[in-house]
Amino acid sequence: MDGTITIHHNSGKRQTELLKFIKEHLSNAVISMEEDGGVITQPVDVVSTDSFTIYPYFFPGGDIGKLAVTGSVNDVVMLGAEPIFMTLSIILEEGFPLESFERIVSSIDNELRNLDLKILCGDTKVMNRGSIDGIVLNTTCFGKSVRSPLSVSNIEPGNAVILTGPIGLHGAAIMAMRKGFNVDFKSDCRALTSLLEIVKRYNIKTMRDATRGGVAQILNEIAVSTGCDIVINEDMLLIQEGVKSVAEILGVDPLYLACEGTAVIFCDEHDSDGVMETLNDMGFYPSFIGYVREKSIIPRVMLKNRFGVERVLPMLVEELTPRIC
Amino acid sequence: MDGTITIHHNSGKRQTELLKFIKEHLSNAVISMEEDGGVITQPVDVVSTDSFTIYPYFFPGGDIGKLAVTGSVNDVVMLGAEPIFMTLSIILEEGFPLESFERIVSSIDNELRNLDLKILCGDTKVMNRGSIDGIVLNTTCFGKSVRSPLSVSNIEPGNAVILTGPIGLHGAAIMAMRKGFNVDFKSDCRALTSLLEIVKRYNIKTMRDATRGGVAQILNEIAVSTGCDIVINEDMLLIQEGVKSVAEILGVDPLYLACEGTAVIFCDEHDSDGVMETLNDMGFYPSFIGYVREKSIIPRVMLKNRFGVERVLPMLVEELTPRIC
Amino acid sequence: MCLAVPLRILEVNGNKALAERFGVKLEIDVRFIEGLKVGDYVLVHAGFAIQKVDMDSAREIEKAGERLGKYLGK
Amino acid sequence: MCLAVPLRILEVNGNKALAERFGVKLEIDVRFIEGLKVGDYVLVHAGFAIQKVDMDSAREIEKAGERLGKYLGK
Amino acid sequence: MEVCGTHTHALMQFGLKDVYRDKMRLVSGPGCPVCVTSQSDIDRLLYLCDQGVRIYTFGDLMKVPGSFGTLREKRALGADVREIYNPLEIIEDMRKQPTTIAVFAAIGFETTAPLVAELIAEIEKSGVKNLYIYSLLKRIPPAIEALLSDPDCEIDGLLCPGHVATVIGETPFVKLSEKFEKPFVIAGFTAEQLIFALEKMYEMLTKGIIGVFNAYYSTVKKEGSPLALKALKKFFETSDAEWRGLSVIKDSGFMLKKEYSVINALQKYPQLYKITSKDNCPCGQVLKGKLEPEDCSYFGVSCNPENPLGPCMVSSEGSCHAVFLYRT
Amino acid sequence: MEVCGTHTHALMQFGLKDVYRDKMRLVSGPGCPVCVTSQSDIDRLLYLCDQGVRIYTFGDLMKVPGSFGTLREKRALGADVREIYNPLEIIEDMRKQPTTIAVFAAIGFETTAPLVAELIAEIEKSGVKNLYIYSLLKRIPPAIEALLSDPDCEIDGLLCPGHVATVIGETPFVKLSEKFEKPFVIAGFTAEQLIFALEKMYEMLTKGIIGVFNAYYSTVKKEGSPLALKALKKFFETSDAEWRGLSVIKDSGFMLKKEYSVINALQKYPQLYKITSKDNCPCGQVLKGKLEPEDCSYFGVSCNPENPLGPCMVSSEGSCHAVFLYRT
Ligand code: SF4
Ligand code: SF4
Ligand SMILES: [Mg+2]
Ligand SMILES: [Mg+2]
Ligand SMILES: [Mg+2]
Ligand SMILES: [Mg+2]
Ligand SMILES: [Mg+2]
Ligand SMILES: [Mg+2]
Ligand SMILES: [Mg+2]
Ligand SMILES: [Mg+2]
Ligand SMILES: [Mg+2]
Ligand SMILES: [Mg+2]
């Protein structure tokens, strides 16, 4: 293979070469990329799909390849299931540097090895220069529940809301990189499979990884789904000082910045101590941030600040961009 | 929802609206787009994934939505399995007309109804204007084998090669549309689930839908995988006169034009009559085009022309584009 | 070299004409052809008609294929 | 209005300086600031330092928060 | 008692409006440069988009509606609209396609205006061609003067914007305070800075003190920022400017000096003068402190953060936006 | 016995080379306009890409290698290279971004050259600016003359390209046939047309007949296409041209007449004259019929359709490409 992806890698002989290249780099994976699909050999009962578009492709703490693996793995974990297999679909822009592609595929391989996960089948497409920005990945992950699947419908007033770690690291790392800031923190991009331990041991109602839109978005979605208000305590939020700084400099709210390795856990309030303790033991930095309140006609998320004042934490209505005022 | 997709549909409130819009249009589907994934409630043992990028999005005989459903369905069928569930991931360009999007989603819905197929979970992403051309879809389809999964490894010298219908209709329809030609034929884009009947009744070795790269590409891939030469008879190929004309005008070979509703079937030669007959009965226009030959050091596909002369039908090394010489 | 195909004229509009071949209809440029009529056949290269085609002669030439077929014993 | 944050100067290079806040380092434009030294704090708006910040005074002002806290009984 | 200021958003976010409910009624003024951009000005930018001109601007302006959509919508439909953070980024970006014609839609108050001045200086130095400036820059003191001169205006004291003061210093506010015989407090933007400023305001109001108290003395100097002021003088002169809801205020804008008219978008595109549109919402009343956002008949109905009618709802700094988000 | 012609690809595809193996050895000549594009010319186009110039060309030229890559590769790396099918498409496309500077890399023989002539006429009429023509157009008769004049050349008869003849008619071939005293047959491109032409060629060779037989009389007229020839005369004059492997052949090119030099890319970019590169492969020998493709030491080793060294391998019409694909 030469130095860049060409449109000819979209079919015929060059596509075969591209598939061979991918297969060789995914040492751990049972790939059947050349056939139309793959055969599932273990029982699965949960599935999640996501497309991954991010710029820059490489960032402190990860890259689009790692993100595509952990992103779908985490969605399966959030449903209380152990990831078993994955499919991988790659869309490339003509002219994409082969070196970057190699780094991304190697990163996918590395993450798959860590997780002992296999790619069952895949797909590649090459688009004309200018028809797509660089690379887009899609992964579909399927898993086996460790107990009956988690769902928002389990949530009840009084449930505790626990964050598994600090917020906004991924979003802040990406924004900082785009603006050329040098930061001493990394994206939290990582697989959350260890949370299955919590699911097995406690009465977990639901879990959500606080990705796009951040903690504020996830809480709002859950408030709307359950019809309950949720109240959280600003003081309890763990925000890395660097994340805070990036947010202040660019005029964005860290509560809306994406996490890629921090989840929101809703559990029975009696289990909150146990969950906190176990998370601590596993090396997380959990924080007990609030409660689910009573049913409400307009379900909202309330943020209680350090002066004890409550205000609405609204759903995001637009993408976060740097502001000057 | 307003007239076009905006970047704000990528998160927060507008994303919720977009998901609602999709869900409403996918009347038939059990969508859990808001949760991280979906729960599989029937046993599955085969999976296939594909990303779909095509321009124009609407073409005679289909659109990108129909194609995304039938494309993954057909890949599952090719493995000898009945499609059970599907995941759907949608990537949209900011500014994509909502009207077009609605047509595409409705077309997906229509095809899902025809197939009695459900969407298990999905994903949406919106990219900045200029970062992607219009719309890209990814589907992952899960199926249950009607017998032990088909595979290239079953193929043996002497096996018959049968085409289920005319070739190049999809590729020619797309090329014609791009060049503003008016044609009286349509893309053959459609689901091939009825071929499972053949799989149940006969000793089918493998099946492949002759998509990107056309019949020539599929045959070459199989020749390489099996290490056997394959010989086909030019006279036996069914090529619609309109397809031939488009190919001649633009200087391309119909054998390399994509089909989206025609498959190549490899079966035991003793079953070839039965397969042909059953296909005919089911309304296909099958043709018995050739045989698998002996093992070969450089496995190739040979095309025997009407003068009885054999020549190599090479693997495509570049994308098809109109030529003047 | 110089790919070109014969098309049948359906409509003539000044320099442009609608031409057809087995149901495939396209607009071509006919500025190089004098006295063009509906029903005429033209040879088209890169969207331009470059010459009229006499179909009777064309059919005559085609017969060579049959002769070769016989020669090869088919 | 007019978002601005205080940053600490790490290096000065003519019109440009490297500035920092809790480990976040960025290049800023310091053309409006006279006599800038490493260790100084500046208020930065849209990538430009628009004024020096006196940190002792800043800490004095911050104490108002504590007073309100007491007033509200926290 | 009333305070007219620019700290709405922060006051709401920190919940301070409620804390001081019994002592002072905090109302919002013309505090955000996006908030006060007139519909005519947006329409002019949309017109430039339609002419195929590339627009550079701060992200904040992207969703301000004109008569027929926003810059964000124009971009979604294919117009070349680029968000910048530091105005000097434009120079580098222009170098990539030097023949493209571009206009920088410069919004901002005195805090931002010096940065635009320096961009103009850099355009000259760098030799970048085809970049034009459309100045929507505005001056705060004339606006305060216009507000306080309104006989209907019931404002008792003024919380002055700390970052504008950082550039222009205390003096302009001292003059206004003396003229209108009201207490002025220069305030920062963190919770603590605001609390300190509000304490002082309450003290001055109850004790009847007139004058300017600089509650942001860590940063705001009496004389402001001399180099920034010098840059402003070099490139701009004052002009009348249209403020959303307040109509034209005398001397309240910064326009490019004649010497720089070759890069003035208004000189390059004189058609822009012909585009004028009238505002659709009673934002002016809100800006003057005469109308509470909640009392606007459009509030929350046809006007909300997703579909903002007026710029007070558009800008996340806008008073209606702030009330909408933080109402309990 | 040898026939030098342009029908290589078709002959191979239909398997006719084998059918006639015992009667005639069919060898390939300078039959494809892409095949004969010199490396210098590709390098000039790559240079223009690097200058940010948009290139229009026929799809065929995209993968012809210069010294440092192909137009296709340039495009993959971000250059603005556009494939067209009908040259008049360019007019419409240029109207979308009328300030973009573009060059049409016009390849082709007499069949295609009239279309380029009409493009030039349309450029004038339409008022499109910033579009320049880089003419790589070539003439067939001077090339045949050069080949047959070579004392080493062992060609006994010539299969003439039917679509070139469609434009230029029989006359130019009659002159050459008489000069070199060899049989010429004008042939079409379908299997049947070729069979008919080969039958006639065999007959003429065995009977020792000299002259031109028009085996494509359904389409090729004695006088060719008068209007196309008129267009050629109006816009072009003949010039020496460099053919890959055959070096410079006198009068074998079409260059724009002086009157149109304002849209001549060579006038706009005089630096192009300075770019010259030497060919890396023995294609010339193949084109002259002196070397069978299989006998080239690069064939199939360092030169194959995926990584073509010479244009005979690049073009799917090229003789080496054809032999590579259809070898059994
Ligand atoms: S609610 Fe909307 S229309 Fe009413 S004043 Fe506020 S911004 Fe203007
Ligand atoms: S094989 Fe390649 S190098 Fe040799 S003559 Fe043919 S094109 Fe040239
Ligand atoms: Mg397939
Ligand atoms: Mg998901
Ligand atoms: Mg996800
Ligand atoms: Mg695929
Ligand atoms: Mg792009
Ligand atoms: Mg998730
Ligand atoms: Mg597939
Ligand atoms: Mg497929
Ligand atoms: Mg998702
Ligand atoms: Mg695009």
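On this tour, contact, or touching, means heavy atoms within 4.5 Å. By that rule, chain A and chain C do not touch, and their nearest C-alpha atoms are 23 Å apart. Chain D and chain F do not touch either, with their nearest C-alpha atoms 30 Å apart.

Some housekeeping: this is a predicted model, where local features need pLDDT of at least 70 and side-chain atom pairs count only at pLDDT 80 or more, while totals for chains, interfaces and linings use all residues. Residues are numbered from 1 along each chain as its sequence is written, chains are lettered from A and ligands numbered from 1 in the order in which they are written, and side-chain values use heavy atoms, with hydrogens and water left out.

**Stop 1: chains A and B**

Select these two chains. Nine pairs of chains touch, and the pair A and B has the most contacts among them. Here 60 residues of chain A meet 60 residues of chain B. Together the two chains bury about 4,900 Å², 54% of it on carbon and sulfur atoms; buried area is the accessible area (1.4 Å probe) lost on putting two parts together, summed over both.

Now look for salt bridges (a side-chain nitrogen of Lys or Arg within 4 Å of a carboxyl oxygen of Asp or Glu). The rule finds two across this interface. To see a salt bridge, pick K125(A) and D50(B): their closest N and O atoms are 3.3 Å apart.

**Stop 2: a magnesium ion between the chains**

Next, select ligand 11, a magnesium ion. Which protein donors does it have? They are D50(A) and D123(B), each through OD, lying 2.2 Å from the ion. Donors are N, O and S atoms within 2.8 Å of the metal (3.2 Å for Na, K and Ca); water is not among the atoms, so sites may look incomplete.

The pair crosses between chains, from strand β2 (residues 46-52) of chain A to strand β6 (residues 118-127) of chain B. Strands (E, at least two residues) are DSSP runs, numbered from the N terminus.

Are D50(A) and D123(B) buried or exposed? Both are buried, meaning under 20% relative accessible area; exposed is over 50% and partly exposed in between (1.4 Å probe, protein chains only).

**Stop 3: Y291(A)**

Finally, jump to Y291(A) in strand β12 (residues 287-295) of chain A. Its relative accessible area is 37%, so Y291(A) is partly exposed. Leaving out residues up to four places away in sequence, Y291(A) touches several others, including G158(A), D229(A) and E269(A).

Methods: Helices (H or I, at least four residues) and strands (E, at least two) are DSSP runs, numbered from the N terminus.
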